[in-house]
Structure formats: C-alpha cells, structure tokens
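Thanks for asking me to look this one over. Here are my notes, as numbered points, to read alongside the model.

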Amino acid sequence: MSLIEWYQENKRDLPWCHTTSEYLVLLIEVMSQQTQISRVGKYLERFTAQFPTLHDLASADQRDVIIAWDGLGYNSRAVNLHKTAKLLVDKYKGKLPGTVEDMLTLPGIGPYTARSILVFTRNHHDIALDVNMRRVWTRRLHGHDGVVKDNVLREQLTSIMQDPKTFHSATMDFANMICLPKPKCAQCPLTCRFKPVYQLHGGNVLRKRVKKVEKGVTENGKHVPNRIFRGRIIKLLRSGEQTFEQLTLVKKDYTKNDQSWLIKLLQKLESENKIVFGDTVRLQ
Ligand code: SF4
C-alpha cells in the first residue's frame, strides 16, 4: 500500500482541509505553529467571526487582535500576523506573494511556514520540512530515526512527490496517527526500512529527544517559564492599565529580589510593541 492510498482511506477530514482561501491558510499555518492542528478549529472559528477577511484584520487595532488570540498563547504570533496582514494589503494588493523568498520577508513567517502556505494555496512543488515530515521519511527511506541533511531529504521527496498538497496532508496525518514519535509499526501497512530495526530492538533505537529548559524563574519551588508570566501579564493588562506594583501579582511568591526580572520581562514586551511601559503599564 502506498502512503497516498492509506491517506485516501484514513484521512482526518478536518473542516478546513478543502479551503482554497489564502487568508484561511495563512491563519491556520500561523495558529498551528505552536498549537496542535486538531485544536486549531475552535480558535479559527472565533478569530474569523471577528476578522472575516484579511482587510478586516489589517485595519484592526493591535489590542483587539491580541485579545482575539486568547487561548492560543505566544502573543508575538498575533502581533506578527497583524503586521503581515497590513503588509499584504499595502504591498501585495491583499494577496500572498508567490515565492519562498518573498514569503520570508513577512513578519513571523519562517522557512517551514512559507513553504507550507505555498503548498496549500498554490500546490507549490517545494517540500515543507517539519518534524513530522522528517520523522516519517527518515525512517522509511533511511531506516533510522536520526538526522538526515535537509537537502538530501528534499531531493528524495521531490522525486517521490506527485501532488504536493496531497503528499503533505498525507504525511501529516500519517505522522499523527501511525508513525508517531513512538511508532505503531505493528499496524503499519507501508513498506519501510525502519520497521525490521524497530521490531528487533524496540524503543532502544528511537532518538532521544533532549528537552530544553525554557528561560524562567522559580515560583513556589517549581520552575515556571517566562512564557507563562508573559501570558499572565497580557491577561492582566486586558482588564485595563496597571501599576508596576499591581503587575507583581503575576508571580505568586514575588519578592523584591524579582524586581529586575519583572522589569526585564516588561521591557522585552515593550520592545516587541505589545505594551507601553511608563509610569503605568498598558497594552499597546
Ligand atoms: S513501519 Fe513504523 S517507522 Fe516505518 S513508516 Fe510505519 S510506523 Fe513509521
């Protein structure tokens, strides 16, 4: 059985899979950068109810965009998405650019997102390599769970791929249902060089993924990443302007020793144009 045959029988029919709207594809790709694709649906519905078109988003206040982003985390994505919408309206007549190079000039759009957007809007023949694509195809083609150079994998996949949109959707679904980090080889119908290795040695041959410790501080004896505190700050500011003293509430066991840490966090948010940090603090 080929991957595409497997996909035709097993695909997750996510409601937006059939969209050809450039705006929706842009939103889905940015939202799914840090949020599981299966959870994006409800946020997408809420966001598009408030900003139905690219022009609506471009002309909105940044504050409203950040508020509408609630629940998706990483508010810098909302800020970049808003900037991108403005740029597309001002410079590209409301359309997405047609090349990877031009896509990469848009705020918050990296090499994977640029290629993926082009695949799903224009069926572009350029492989969007993410962790799923790498895992499935490194195992199938190379028989291991390690690292293969991007240019090698790209060249191989380009020669296999027929319809880019179907190929990318199929790989994504297969990676999320069968070829998981801990693969379900026993129920996998595809030919694969990794299968006998995995069946013989089990989980011992899986690449150990080293979890990076995110920057943060200790709160009540536990390490809490700065990302969480940034989210709490933004949440508090959504209820209105705050004094510095009021913002110290974002850390449950705040003491004077945390002062320079909190100031740095606020300065960073200000440098990202999310807040105004003066005598009081408010959303941008
Ligand atoms: S046999 Fe196992 S490793 Fe190979 S593609 Fe299938 S699930 Fe992935």
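1. Let me start with burial: a residue counts as buried under 20% relative accessible area, exposed over 50%, and partly exposed in between, using a 1.4 Å probe on protein chains only. On that scale, buried residues make up 44% of the 284 residues in the protein chain.

2. Some ground rules. This is a predicted model, where local features need pLDDT of at least 70, side-chain atom pairs count only at pLDDT 80 or more, and totals for chains, interfaces and linings use all residues. Residues are numbered from 1 along each chain as its sequence is written, and side-chain values use heavy atoms, with hydrogens and water left out.

3. Overall architecture: the protein chain has 15 helices and five strands. These elements are DSSP runs numbered from the N terminus, with helices being H or I of at least four residues and strands E of at least two. The C-alpha trace spans about 65 × 50 × 30 Å along its principal axes. A contact here means heavy atoms within 4.5 Å. Among contacts in the protein chain between residues at least 6 apart in sequence, 56% join residues at least 24 apart.

4. Which residues are around the ligand? They are Arg-139, Arg-140, Phe-174, Ile-178, Cys-179, Pro-183, Cys-185, Cys-188, Cys-192, Phe-194 and Lys-195, where being near a molecule or strand requires a heavy atom of the residue within 4 Å of it. This shell divides into eight nonpolar, no polar and three charged residues. The classes are Ala, Val, Leu, Ile, Met, Phe, Trp, Tyr, Cys and Pro as nonpolar, Asp, Glu, Lys and Arg as charged, and the others, Gly among them, as polar.

5. The space that the ligand takes is the largest cavity. On a 1 Å grid over the protein atoms alone, a cavity is a set of points where a 1.4 Å probe fits but cannot get out. A molecule sits in one if more than half of its atoms lie within 2 Å of its grid points.

6. On aromatics, a search of the whole structure finds six pairs. Rings of Phe, Tyr and Trp (its six-membered ring) pair if their centres lie within 6.5 Å; planes under 30 degrees apart count as stacked, over 60 as edge-to-face and the rest as tilted. Phe-194 and Tyr-198 have ring centres 6.0 Å apart and planes at 25°, so this pair is stacked. Phe-194, one of the residues around the ligand, is buried at 2% relative accessibility, and Tyr-198 is buried at 12%.

7. Phe-229 and Trp-261 give an edge-to-face pair, 4.9 Å centre to centre with 85° between the planes. Because Phe-229 lies in helix α13 (residues 226-238) and Trp-261 in helix α15 (residues 259-271), the pair ties together parts that are 32 residues apart in sequence. Both Phe-229 and Trp-261 are buried. Elsewhere, ring pairs link Phe-47, Phe-51 and Trp-69 into a cluster.

8. Two backbone angles deserve a look. Most residues other than glycine have a negative phi. Asn-123, however, has a positive phi of about 55°; Asn-123 is in the loop between α8 (111-122) and α9 and is partly exposed at 30% relative accessibility. Asn-273 also has a positive phi, near 60°. Asn-273 lies in the loop between α15 and β4 (275-277) and is partly exposed at 33%.

9. Is Asn-132 buried or exposed? At 14% relative accessibility, Asn-132 counts as buried. Asn-132 sits in helix α9 (residues 131-142) and touches Thr-171, Ala-175 and Asn-176, leaving aside residues up to four places away in sequence.

10. Finally, a few loops. Leu-14, in the loop between α1 (3-10) and α2 (22-31), is buried with a relative accessible area of 17%. The C-alpha atoms of Leu-14 and Ser-38 are separated by 7.8 Å, at 24 residues apart along the chain. Ser-38 belongs to helix α3 (residues 37-50) and is partly exposed at 48%. Gly-221, in the loop between β1 (216-219) and β2 (222-225), is exposed at 70%.

Conventions. 1 Å grid on protein atoms, 1.4 Å probe; cavity = no way out; pocket = protein on both sides within 12 Å on 5 of 7 lines; lining within 4 Å.
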